[in-house]
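Please look over the model below alongside these notes.

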Amino acid sequence: TELFGQEDAAILCAAVADFKPAQASDVKIKRKGDGLHIDLVPTQDIAAALGKMKTERQHIVAFALETNNEEKNAEEKLKRKNADFIVLNSTRIPGTTFRSDDNQVGKRKNALSQEKQSRSGIRHHRPTGAATERTPKQHTTMNISIGIDVGISTTKIVGISNGKVISPVWIKATDPVTSLYGAFGKFLHDNSISLNEVGRVMLTGVGAAYIDGPIYGLPTHRVDEFVADGLGAAFVSGINRMIVVSMGTGTSLVSYDNGDIRHIGGIGIGGGTLNGLSRLLLQTDNIMQITEMALSGDVANINLSIGDISARPLPGLPMDATASLFANAQGNARQEDIAKGLICMVLQAIGSATILSSINSDIRDYVLIGNLSRLPQCKEIYPKLDKLYNVRFVIPERSEFCTAIGAALDNPAAQQQPNT
């Protein structure tokens, strides 16, 4: 799951166990008595986690091994996991699945009732309404604008051609220069773009300072990161007046008012906060692992709510509103609950800071961008803030790529000379 954000698809063909022992033994368990009782607990549901994380551009192929009611169970799993395809195996077909080199799966298109059987190899089931397979994009312009958001270890890159976004990619590397050139090469390769189709390269992000020359001899310009945030958020959301909430290592707040872009502040709480506290409390800073843990967590075991301290709602505050973050946490709290509490704390703090930043204006639309905006918990936290404060938090499509999109959209004619 750690690399899913930078991939186009996940094929979940590994036979991962659904349960594991509640307690592991470091030594051999000796035979004693007439039997042995082992308590099992559910493992992390990787398919469900990816299904919650996936974006419009991504696809998931799931697998189902069934012993009865095969078609019904497979279709239910397809929907429950939010997958695009599912491969169904049945243990009731002799000479297939277990103890056999052969396999037999169903193949359908649009409906499970149109099933065919094939012994020639694995085929896929196609759910009704699933996205069609993508074909390579055709570019009719020779003046593609490339936007690159260069981080310290992660670089995101998009192209803008004829007012449309060309499939974005991101790359992780140990230094920003390696990350940039790796992302650039992958982007050109994946989209079948040649260098002579690129009109300009627009750099933004903290890592852009490490790039002191043109990229592959192309006209290369730097874009102020706050300007890129505003332009990208306006492009993908279609909103003309908003506060752009860039959720990075920390959080920056940018006012966008019909093209007027101003940095209005920020807070030192963001992805870096979540990573650091998770290292201390969960012994991991893998954001995908933290997110998976949080999916089965209960924040009521961590936070104190209004209902915990009052017999009736307070003015303007419902009973389930948070009274105090982490005030209900106990020393034996489950890791899943702690993970949920940490994510909720960071997201609530960002949301509260955003609302306060607009208190002296009439702007009530807040557009969330950056990697944290893709956390599934955003869809839980921010609708509650919408209702509580009569505001609107918006998570646009491709929100994690907004800064790179904004860089690609910026007009280099209004800037200084390109890098030489």
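**Notes on the predicted model**

1. Of the 420 residues in the protein, 44% are buried (under 20% relative accessible area; exposed is over 50%, partly exposed in between, with a 1.4 Å probe and protein chains only). The protein has 10 helices and 20 strands, where helices (H or I, at least four residues) and strands (E, at least two) are DSSP runs numbered from the N terminus.

2. This is a predicted model, in which local features need pLDDT of at least 70, side-chain atom pairs count only at pLDDT 80 or more, and totals for chains, interfaces and linings use all residues. Residues are numbered from 1 along each chain as its sequence is written, and side-chain values use heavy atoms, with hydrogens and water left out.

3. The protein has a mean pLDDT of 84, with 86% of its residues at 70 or more; pLDDT is the predictor's confidence in each residue, from 0 to 100. Confidence is lowest in strand E7 (residues 116-118), with a mean of 34, and highest in strand E19 (residues 365-369), at 98. The pLDDT is below 50 over residues 107-137, yet this stretch has 75 contacts in the model beyond near neighbours in sequence (contact means heavy atoms within 4.5 Å).

4. Taking contacts between residues at least 6 apart in sequence, 59% join residues at least 24 apart. The accessible surface of the protein is about 22200 Å², and carbon and sulfur atoms account for 51% of that surface (Shrake-Rupley method, 1.4 Å probe; for residues, only the protein chains shown count as cover).

5. Helix H9 (residues 378-389) has 12 residues and reaches 16 Å from its first C-alpha to its last, close to the expected 16 Å (1.5 Å times one less than the number of residues). Just after H9, Asn-390 takes a positive phi of about 55°.

6. Which residues of H9 are buried? They are Cys-378, Ile-381, Tyr-382, Leu-385 and Asp-386. These lie on the same side of H9 because they cover an arc of only 135° around the axis, the arc being that of the directions from the helix axis to the C-beta atoms. Lys-379 and Lys-387, on the other side of H9, are exposed.

7. The buried residues of H9 pack against strand E14, helix H8 (335-357), E19 and strand E20 (392-394). E14 (residues 241-247) holds Ser-246, which is buried at a relative accessible area of 12%. Leaving aside residues up to four places away in sequence, Ser-246 touches Asp-229, Thr-251, Ser-252 and Ile-369.
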